Structure formats: structure tokens, C-alpha cells
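Subject: Structure handover and notes

Hello,

Here is the structure for your files. My notes on it follow below.

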Amino acid sequence: MIESVFAPWHAAVSALPFEWARYGFMRLALLAVLLVSPLLGALGTVVVANRMAFFSEAIGHAAFTGIALGVLLGLTDPLWSMIGFALLLTLAVTWFRRRGGLSSDTAIGLVMAFTVSLGIVILSRGGDFARYTNFLIGDMLAITGRDVAVLAVLGLVVFALFFFFFNRLLLATLSPAIARSRAKRAGAAELAFACLLAVVVTCALPWIGILVINALLILPAAAARNLARNTAQFFAWTVAVSVLAGIAGLIVSFYASTATGATIVLIAMGFYLLTLVRRAAS
Amino acid sequence: MQLPPDNAPAHHGVAPHRCGECCTTLKGIGVRHNGKAVLEDIDLHLHCGELTAVVGENGAGKTTLIKCLLGEIPHSGEVHFLDAAHRRPDSPVIGYVPQHSSFDKDAPVSVLDLFAASLAERPACLGVSRAVRDAALEGLRRTGAEDLIDRRVGTLSGGELQRVLLGLALTPVPNILVLDEPMSGVDHSGREQFYELLSHLRREYDFAVLLVSHDLAALARFADRMVFLDRRIVCEGPPAEVLRDPRVREAFSLHSVA
């Protein structure tokens, strides 16, 4: 039923004169890339500006425990336990940071070591870990119409909230003191952003892969930072690099028979190096 | 340290314009931290058009006092604001220039983005509206910084940054302007210009200025009133008077001019 929603998309893309466009799974994967890459790029601008890269890495790795909890609870789709656990972890790390007892990279490092180990221990009972290795590298080509629909709804909600909180986050990043004096308290916005990030990273994991998802979050924004002179340019360049690398990576991975997530990351890395050259030249 | 003679005119001979009506009152302000008093019995009146300088040694509670005024920390006592029409608005507009501002050198954030983040509804990542750009230009023009609007914030010099942050604090025009050691990282001539500008602005817009600073020589010339703080108000009055107080001279080692 839900597949019929995508009929016009399939018809339009299969009209393209390329071999990959003849395959339904590639057309769906392209749609997924067009949904996920701007989302990861947009969130990445704030991750890079706020130095949250280690946090997002930890969220990705916590998926091990999320999956393990799903297995223990007997869920058919571990996505819900992954999201639940990622949110729990976000709250824990935020609490650690606010309490200020530990520096945040130490706190995140401890929490990450714990969650990765716990997840691996549970999943590897009885030597069964190989069943879960597809989460490590992701499988973009296994995406279904239902998954794409979920991503589309998620994308709409996340973008709406992201735009709503953006100015508060930006001002708090620039100067917490000025933000407070203007009664633009950022505590709620920062927590909301961390939760959005956790949900998006977790939902994109099965397609991109635990090992490389953080690179997709960071690289486009890092490349755009070398080119942009203001916030609007930063945002536009990030989304452009993210989408271009996503499309190129998907198509290259089709012809080269490689894992899509990692291929996208290598191409994004190429873009980053180009911007470095450009920056050095200017 | 060189201080001007005691009889130096405080405002270069220009009497400050004062509406004399509006006033911010701090009454019996006290702050305790871990059971220890950080501030005690602070009674202070800030009149519009007047520049009040708060001086004191490190740890005397200057920044804590500012936080009370900004409503950022719990305190005993009361802060009241009375505007020219004798109303008591719950939240006067407070312009604030913070201490130690510095931005990441590579941050892709322009001066305009800083204004947009403070003033605009539309997220700055989707561009800045003409109206917000005009408001930013107006604020920057007040401090002679309109040329800086498209510069990245990380590339501004100390003096440029202070003019931008002051322009931001003046948008919208506040009832009270609060500056916490705004001059760290600014060279001598930049400081003089900044105080001149501040002096001019408070007369033009008739807001109260509360300034925390260590620049005693400049404060002696530009401040209307000086408050020497050491957990409580030790003495206050015209700068020339306060700077003659033995306790102040002791604290700032002003023996050389005695």
C-alpha cells in the first residue's frame, strides 16, 4: 500500500538513462539518501560549531546496547529500543556535563566504553555476534518503502524543530552570557538538539552503519566551514556537500559493489580535501 | 598610576543631561555562596543618563552584582526599575556587554548573524531579513561599526569587537546598559575612544550605565559616580572623592600620587 505512494518517484527516476536507475532498490535508496543527507548535514553544522563530534560518535556506538536491549526484550524491530536507549544516554551525558563533575569528553568516553562493551557482551552470547555485523557497515540497498516513509516524517519534524531552536543555539554558542542577558536561555534548546541528534543518528544507522555515520555528520560541515563567510552560506554549503556526496557515493557503490555508507564518506572526504586546498589558496 | 588632579571636570565641562525621573534601585541585595556571603547589604541607585563605575579588587563581588541586576542568580533584597512615567515594568530592557568575549577564528558567523541570532525570528541559517539587517545597521551605526556588518566575528580586533558588542547591547536601546570589564584585550587609545563613545551615548539616549572596570584613570574622567565594592559598598560618590578614600588608595596601591 505504502509502496504506491512512491510510484511517481519510481516512474520519474527509471526514465533516467542509467543502468542503476533500472533497479527499484536503487531508486528507493536514492530517495533515502536525498532525505537523510540534508538532515545529517544540517544537524552537523551545530555539531561542528558546538564541538559535539565525540558526543554524536558515542550516540552511534550506543546502538550496540540499544540493539541488545531489543533482543532481550524480544522486539522484532530493535529500532525502538535503540532510540529509547540513545535518548537515555543523551540525558545521562547532559546531566554529567551540567553537573560539571567530569570534563565532558571524559564523561562521554566512560559512557561510550560502557555501552559498547555491554552491547557486545549481550549480543555475543553464544557466539552469535555475526548476525549483527550489518549494523556496523549499514545496508542502504535493503531499505524499504516503509523505512523511507518513516525517514520522511522524521525529516519534517526534525527540520521544523531545528529551525525553531536554531537562533537560540547559535547565540548560546557565540556567547552564553549575552544569551542569558537576553533571556534566551539555551538549556532547553541544547537538550532538545541533543535528543534530535540522537534520534536522527539512530534512525539512519541501519542504512549508513555505526562505524561511519559520524563522519557523515561532521565532514560536510567541516568542508563548508572552509568556504563559508556567514551562517547562511555555511548551512547552504553543508547541505550541498552532503547531498552531492550522498548521491555520488550511492551510484559509485552500485558500480563498485561497495558498502554505500563508507563510499559516501570517502567522497565527502574528497570534498573536504578540495575545500582545504581552496582555503589554502585564498 | 597617574590620576588626573582632583579638580578635573568629570565630563569635559559638559553637564550630563538627566531626566531625573527613571531610576533603577537595588535595595538590600545579598548573595550567599556555600554559606559564605559574597555580597551583603547593597543599596544602589542607578539614574538614567548617569555612568556609575563599580571598582574593587578581584573577588569583591563585582560580577556577582551584575548577575543580580541581570536576574541570573538568586539573591536576597530587591531590584526595582522605575521608568520616566513612574511605572514599574517587570523587565526593563538591559543591554549587556560581557567580560572576555572572543570567538573562534574560523567560525563561519558574521556580525550580522550575531544580531540575527539575538533579534530575528527567522533562523539565521536561512538568511537574514532586510528588516533585521536594517536593525543591525542602526545598532552598529551608534558605535561607528556599520562597516563591520559582514565581517566574520572571529576576525575582529579587540576594539572592533567591543564596538560590535556595544552596538548589539544598544539594540534595542536599553533602559540600563551593563558592561563587565569591557576593555580587556583593547589597547590604550582604543580604550579612550570607547569611554568617549560610552559617555556620548548615555547622554544621547539617556540610559543608566553600570560599568565594572579597572581603568581608574579613565573612570576618574568619564564616570559620574564611583562605587568601591568589597563584598559590601565601602564608599561611593564622585570619582575624585572615592579615589581620595584611604581604603581605595590602599586597595589599588595609589600611594604614588598621594
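How many C-beta neighbours does Arg231(B) have inside 10 Å, and does it count as buried, partly exposed or exposed? Arg231(B) has 19 such neighbours and counts as partly exposed, because a residue needs 20 or more to be called buried. Please bear in mind throughout that this is a predicted model.

**Backbone points in chain B**

Arg231(B) sits in the loop that runs between β8 (225–230) and β9 (232–237) of chain B. Its phi is near 70 degrees, a positive value in a residue that is not glycine. Asp206(B) also has a positive phi without being glycine, in this case near 60 degrees. The loop that holds Asp206(B) lies between α5 (188–205) and β7 (208–212) of chain B. Asp206(B) has 20 other C-beta atoms within 10 Å and is therefore buried.

There is also a cis peptide bond, between Thr171(B) and Pro172(B), with omega about -5 degrees. Pro172(B) belongs to the loop between α4 (158–169) and β6 (176–180) of chain B. As background, most residues other than glycine have a negative phi, and most peptide bonds are trans.

One further loop residue is Asp224(B), placed between α6 (216–222) and β8 of chain B. Asp224(B) is buried, since 20 other C-beta atoms lie within 10 Å. From Asp224(B) to Leu82(B) is 142 residues in sequence and 20 Å in space, taken C-alpha to C-alpha.

**Chain B as a whole**

Chain B has eight helices and nine strands. Its length is 258 residues, of which 45% count as buried. Take the contacts in chain B between residues at least 6 apart in sequence: 69% of them join residues at least 24 apart.

The chain is divided into two domains: domain 1 (23–103 + 175–257) and domain 2 (104–155). The centres of domain 1 of chain B and domain 2 of chain B, taken over C-alpha atoms, are separated by 28 Å.

**Where the chains meet**

Chain B puts 25 residues into the contact, and chain A puts in 23 residues. On the chain B side, the elements that give two or more residues are β5 (94–97) and α2 (111–119) of chain B. Of these, α2(B) gives the most, with six residues. By class, the chain B side that touches chain A consists of 17 nonpolar, four polar and four charged residues.

**The largest nonpolar core**

The largest nonpolar core has 171 residues. The members that touch the most other members are Ala32(A), Leu43(A), Leu197(A), Ala204(A), Leu216(A) and Ala268(A). Helix α2 (residues 24–49) of chain A gives the most to this core, with 17 residues. Chain B takes part as well: at least three residues of the core come from each of domain 1 (23–103 + 175–257) and domain 2 (104–155) of chain B.

For a closer look at one member, take Leu216(A). Apart from neighbours within four places in sequence, Leu216(A) is in contact with Leu40(A), Ile208(A), Ile264(A), Val265(A) and Ala268(A).

Two packed helices are described by the angle between their axes and the distance between the axes.

On the α1(A) side, the residues are Trp9(A), His10(A), Val13(A) and Ser14(A). They meet Gly24(A), Arg27(A), Leu30(A) and Leu31(A) in α2(A). This contact of α1(A) with α2(A) has four nonpolar, three polar and one charged residues.

The other pair is helix α3 (residues 53–61) with helix α6 (residues 104–123), both of chain A, whose axes come within 9 Å and cross at roughly 10 degrees. An angle under 35 degrees counts as roughly parallel, so α3(A) and α6(A) are roughly parallel to each other. From α3(A), the contact takes Phe54(A), Phe55(A), Ala58(A) and His61(A). The contact of α3(A) with α6(A) has seven nonpolar, two polar and one charged residues.

Regards

Note on methods:
Residues are numbered from 1 along each chain as its sequence is written. Chains are lettered from A and ligands numbered from 1 in the order in which they are written. This is a predicted model: local features need pLDDT of at least 70, side-chain atom pairs count only at pLDDT 80 or more; totals for chains, interfaces and linings use all residues. A nonpolar core is a set of buried Ala, Val, Leu, Ile, Met, Phe, Trp, Tyr and Cys residues joined through C-beta atoms within 7 Å. A residue is buried if 20 or more other C-beta atoms lie within 10 Å of its own, exposed if 12 or fewer, and partly exposed in between; C-beta atoms are placed from the backbone. Helices (H or I, at least four residues) and strands (E, at least two) are DSSP runs, numbered from the N terminus. Domain bounds come from an automatic or database domain assignment. Two residues are in contact if their C-beta atoms, placed from the backbone, lie within 7 Å. Ala, Val, Leu, Ile, Met, Phe, Trp, Tyr, Cys and Pro count as nonpolar, Asp, Glu, Lys and Arg as charged, and the others, Gly among them, as polar. Axes are lines fitted to C-alpha atoms, for helices over the stretch in contact, and angles run from 0 to 180 degrees between N-to-C directions. Angles under 35 degrees count as roughly parallel, over 145 as roughly antiparallel, 65 to 115 as roughly perpendicular and the rest as oblique.
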